[in-house]
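Here is a walk through one protein model. Keep the sequence and the 3D view side by side as you read.

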Amino acid sequence: MLGEFEQIAQIMAPLAEKVEGAFALKNDAAVFSHQAGYENVITTDTLIAGVHFFADDHPHDIAHKLLAVNLSDLAAMGATPRYYTLNASYPDTIETDWIRAFANGLGDMQDRYGIHLLGGDTTRTTGPLTLSLSAIGEIEQGKSLSRQGAGIGDLLCVSGTIGDSALGLLVAQGKLEDPTGILHKRYLCPTPRVELGQQLIGLAHTCLDISDGLMTDFEHMNVAADIHINDIPLSAAAQRALQKDSALLSFILNGGDDYELLFSIAQNRQSELVEIAQNSATKISVIGRITDKNKTRLIKEDGTQLTDLKKGYRHF
């Protein structure tokens, strides 16, 4: 494998070449600024082999997911992606070709979302492959979206489809068939809703991304809602899986790794969702309404409540 400095010069430095303040990764730190009247939005995530991805997943897909989960956090705030830093701890089994493929995955995501590498750190570890990425976005001052602020009567909305990634994990574990490959792909390569987040500025009262499960993440809004299960959007692949095994419903609703946006808007602004969905090329579904009750209700098609939902993901 290439040495640390050769890796930086030959593989990682090209990812920073469009950022003057990255100094081709030759300095101890990077320099950047933002426009007058704007603020920086910063987020960070760590992915560990055996915890967040399988050790034999393709490095291009791992790079995609690593950037995507951070971009999803920026999207939830309405921010425009700008830069990121990367800390990589490689075990002895990682070879140069793996790192090159990983860097190619980062490059593809950079090109797609307009974000660029500023710097980071590379180390060797006796433990599992560990990748930590911090992303920096930019937003007009005072305009960032928040998890708090939903009002009674607000419509609760969600982007895309729910549960594909959770089912995709079952596919990766050999517990579920996936003839189309859609579920597994959604697990490997989530789509951060960056454009949608920007479109929601000035409209959404609350917004967050779904990483730990729809219902678990909804709790972060600190309000109650009536949510209609039949209105929660499912892909055709997820619908087929659910028809074969109804026990998958809890996993779909709270399995996590969706990286869709969950947000609330005033009822009288629902018509604006059509244009926003078109502008961001993203499906948007209204799944419920914020209430003044003490408890959220998951309402089935027959009007009864789902009461045995399993909890979403927790590290501890």
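The paragraphs below go from the cores to a helix and then to the strands.

This is a predicted model, in which local features need pLDDT of at least 70 and side-chain atom pairs count only at pLDDT 80 or more, while totals for chains, interfaces and linings use all residues. Residues are numbered from 1 along each chain as its sequence is written, and side-chain values use heavy atoms, without hydrogens and water.

Start with the largest nonpolar core, which has 60 residues. Such a core is a set of buried Ala, Val, Leu, Ile, Met, Phe, Trp, Tyr and Cys residues joined through side-chain atoms within 4.5 Å. Buried means under 20% relative accessible area, exposed over 50%, partly exposed in between (1.4 Å probe, protein chains only). Met12, Tyr90, Phe102 and Phe263 touch the most other members. Helix H2 (residues 59–77) gives the most, with nine residues. Helices (H or I, at least four residues) and strands (E, at least two) are DSSP runs, numbered from the N terminus. A second, separate core has 21 residues, including Ile210 and Ile290.

Now turn to helix H1 (residues 4–12). Gln7, Ile11 and Met12 are buried there. Seen down the axis, the buried residues of H1 fall within an arc of 70° (taken from the directions from the helix axis to the C-beta atoms), so they line one face. Phe5 and Ala9 are exposed on the other side.

Eight of the 11 residues of S4 (residues 130–140) are buried, so S4 is largely enclosed by the rest of the structure. Strands pair if DSSP finds at least two bridges between them. S1 (residues 38–48) runs antiparallel to S4, joined by 11 bridges. Ile48 has Thr130 as its bridge partner in S4. S2 also pairs with S4 in the antiparallel sense, over nine bridges. Here Tyr83 stands opposite Ile136.
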